[in-house]
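Welcome! Here is a short briefing to read alongside the sequence and the 3D view.

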Amino acid sequence: STGLALSAKAAGKLYFGSALDNPGLTDEPYLAILSDKNQFTQLTPANGMKWESTEPSRGVYTWTQGDAVLAVAKKNGQLLRGHTCAWHSQLPSWVTAGNFDNATLTSIMVDHCKTVVGHYKGQIYSWDVVNEAFNEDGTFRETVFYNTIGPSYISKVLHAAREADHHAKLYINDYNIDGTGAKSTGMVNLIKSLKAERAPIDGVGIQGHLIVGQVPTTIQANIEQFAALGVEVAITELDIRMELPVTPEKLAQQKEDYKNVIKACANVPACVGVTIWDYTDKYSWVPSVFDGEGAPLPWDENLVKKPAYDGIVEGF
Ligand code: XIL
């Protein structure tokens, strides 16, 4: 038999995975492919474990969405990636509008992360503890956490996650850190300083939201520079979007682009796995966010494999 997870495994990778959002849970044909372990050996909840989903009002936790994704992973014997503790987006308004002082927001953030990571203790391979902490120039993004707590929010939330689950691999995750450049250098410097202060950091997550025909040529070099810091690396949210409409030429370029991204991970032992941000164009987040763009995934809207699928297989 063949499949993306089988190809990843043959290349020495721990998993090949997909995001899963809750609307997909009632789509039987969709779930059948997602549950095929020849294809997918890891899942990430696309929304279900975010702050607005898990603690919509202060101290009131709702686990329904995240637990539903966990149940699928458990049933199938797939690894699970937790996503995410400290992120500026999809925060409930009680956090963003709260105007808390440093001590109060620190305890809110630490409690949130301890509670969420603790709820899933023992069931999670890796957590995106911090998401999207950087600006494009490599400086820190001025989120509510950074502005109120300062850069130490990052080590504080990492310690909280470690305390809640000693075995989960703790990651910092971001986009536009696929190739080398100012933002990736910012990440390198952060990991160095976290290591210097002995903060618990295990991995760098490269989201991999890319554009057909514009995939950086320095992905392998960049993965290598992260790996040299003594952390593992994962590609966590891969999708390669195109301007619509879809054409055979764009699909062929997309195949090459997927192949090159996968090859970069395959060539570096510290790159443990790749997750695509859902597997079918039917459930991609791209059309709702990037005007006129879409079709970024290896299966089309009718759950039919695209050339990109073969690109992934060839890349491993
Ligand atoms: C996206 C989800 O896929 C959408 O359903 C949601 O509306 C917005 O967030 N980077 C991340 C992910 O880390 O959490 C985002 O997921 C995509 C960009």
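A nonpolar core is a set of buried Ala, Val, Leu, Ile, Met, Phe, Trp, Tyr and Cys residues joined through C-beta atoms within 7 Å. A residue is buried if 20 or more other C-beta atoms lie within 10 Å of its own, exposed if 12 or fewer, and partly exposed in between, with C-beta atoms placed from the backbone. This is a predicted model, in which local features need pLDDT of at least 70 and side-chain atom pairs count only at pLDDT 80 or more, while totals for chains, interfaces and linings use all residues. Residues are numbered from 1 along each chain as its sequence is written.

**Confidence**
- The mean pLDDT (the predictor's confidence in each residue, from 0 to 100) is 98, and 100% of the residues reach 70 or more.
- For the complex, the predictor gives an ipTM of 0.99 and a pTM of 0.99.

**Overall build**
- The protein has 13 helices and 10 strands, which are DSSP runs numbered from the N terminus (helices are H or I, at least four residues; strands are E, at least two).
- Its radius of gyration, taken over C-alpha atoms, is 19 Å, close to the 20 Å of the globule rule for 316 residues, so the protein is as compact as a globular protein of that length; the rule is 2.2 Å times the number of residues to the power 0.38.
- Along its principal axes, the C-alpha trace spans about 55 × 40 × 35 Å.
- Of the 316 residues, 47% count as buried.

**The largest nonpolar core**
- This core has 84 residues, and Cys-85, Ala-86, Cys-113, Val-129, Val-157 and Ala-161 touch the most other members.
- Helix α8 (residues 153–164) gives the largest share of the core, 7 residues.
- Cys-85 is in contact (C-beta atoms, placed from the backbone, within 7 Å) with residues beyond four places in sequence, including Cys-113, Val-129, Val-157 and Ala-161.

**The annotated residue**
- UniProt lists Glu-237 for "active site" in an unreviewed entry; its positions are in the numbering used here, feature names are shortened, and annotations may be inferred rather than shown by experiment.
- Glu-237 is in strand β8 (residues 232–243).
- Glu-237 counts as buried because 25 other C-beta atoms lie within 10 Å.
- Leaving aside neighbours within four places in sequence, Glu-237 is in contact with Ala-19, Gln-207, Gly-208, His-209, Thr-275 and Trp-277.

**A helix residue**
- His-119 is in helix α6 (residues 102–119).
- His-119 counts as partly exposed because it has 19 C-beta neighbours inside 10 Å.

Terms used:
Two residues are in contact if their C-beta atoms, placed from the backbone, lie within 7 Å.
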